[in-house]
Amino acid sequence: MKKHFLVTISNDAEILYGVRFICSFFEGGADHQVTLLHICRRDSAGMSATLSQMWEGPGDGIQGQLTVQAKKAIDRARGILARHTTVVDQVMTKTCAERYGKVKDILAEGVKGAYDAIVLGRRASYTFQWMFERAADETAQAAIRDSGCTIPLWICPEPLPDRKNVLLCLDASANGYRAADHVGFILADQPRQQITLYHVQKVKDYNDPAEIFRRAETILRGHGITDERIHRESTWGLTVAGAIESEAERGGYAAVAVGLHGERIGPTRKTQLSGGITAKLISRVDKASLWCCP
């Protein structure tokens with residue numbers, strides 16, 4: 001099934017990590033659709049003047065007005081995608097002025113367009129860092145809910161050509177199983193990509209990893225993922241983020257998938273794979289794409 005990705009574009013034509021990741025991760029035959037999104041910051045100098053500059057050449061899939069600063073970056077992004085026609089068969093571009101803040105604008109477009117994932121370069125991901133900094137703070141949790149974060153977020157560093165496969169991190173939470181569903185959907189037409197189910201067991205909190213793995217495997221099989229592509233790995237760790245970081249580096253994974261909210265445990269309602277751990281992974285997993293699944 002064709003996937004549709006919303007890829008954010010900054011003014012920097014030399015970065016474009018989200019675009020580069022899609023081209024490096026997917027192999028031939030994956031005829032996906034990409035919408036490039038550029039948001040002109042509300043406080044940009046001369047924004048009114050730059051918004052009057054329109055993209056030259058009708059009929060090239062542009063929606064909205066184009067800033068002068070973004071023209072070079074969008075040109076380059078479209079060029080990169082055009083050279084990978086076996087990966088992407090349709091490219092559109094949307095540009096707009098910032099309305100409610102970049103975070104809310106990106107998430108709102110993600111919901112509006114019913115995209116399968118919102119793809120961010122690592123620089124863009126810093127904009128989302130505030131949502132995850134205090135996972136135990138109910139105000140922060142409310143901000144996540146109110147922001148409309150219902151689409152998986154892919155946070156992509158510069159892709160490395162020798163990295164492949166996905167590390168799927170599980171903790172018996174509903175979001176963790178939704179991460180399994182997302183990974184299965186994305187990799188259904190990528191037979192060379194392997195999936196490792198990964199569970200970190202902390203001393204104080206016990207879950208049976210075998211049961212967690214069985215449920216995740218059932219979800220993956222529903223997407224046509226064969227058993228030969230699925231592997232299991234569990235470990236003990238003092239910190240979940242540290243264990244995931246170590247395994248991601250050891251295994252040379254192209255992507256790490258986690259649930260945005262983890263399993264609630266104990267009377268204090270703490271979480272294992274929660275927003276706080278996601279924040280740590282954003283700053284610590286710097287060679288693999290991080291897929292955050294709400």
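**Exercise 1.** Is N165 buried or exposed, judged by its relative accessibility?

*Solution.* The structure is a predicted model, in which local features need pLDDT of at least 70 and side-chain atom pairs count only at pLDDT 80 or more, while totals for chains, interfaces and linings use all residues. Residues are numbered from 1 along each chain as its sequence is written, and side-chain values use heavy atoms, with hydrogens and water left out. Begin with the place of N165, which is the loop between β6 and β7; strands are DSSP runs of E with at least two residues, helices are runs of H or I with at least four, and both are numbered from the N terminus. Next, take the cut-offs: buried means under 20% relative accessible area, exposed over 50%, and partly exposed in between, with a 1.4 Å probe and protein chains only. N165 has 13% relative accessibility and therefore counts as buried.

**Exercise 2.** Find where A114 lies and state its phi.

*Solution.* A114 sits in the loop between α4 and β5, and its phi is near 50 degrees, a positive value in a residue other than glycine. Most residues other than glycine have a negative phi. As for accessibility, A114 has a relative accessible area of 57%, so it is exposed.

**Exercise 3.** Which side chain does the side chain of K94 join in a polar contact of 2.8 Å?

*Solution.* First locate K94 in strand β4, residues 88–97. Because its relative accessibility is 17%, K94 counts as buried. The partner in the contact is E109, where a polar contact is a pair of N or O atoms within 3.5 Å, one able to donate a hydrogen and the other to accept it within protein, and residues adjacent in sequence count only if both atoms are side-chain atoms. E109 is itself among the buried residues of helix α4, residues 102–112.
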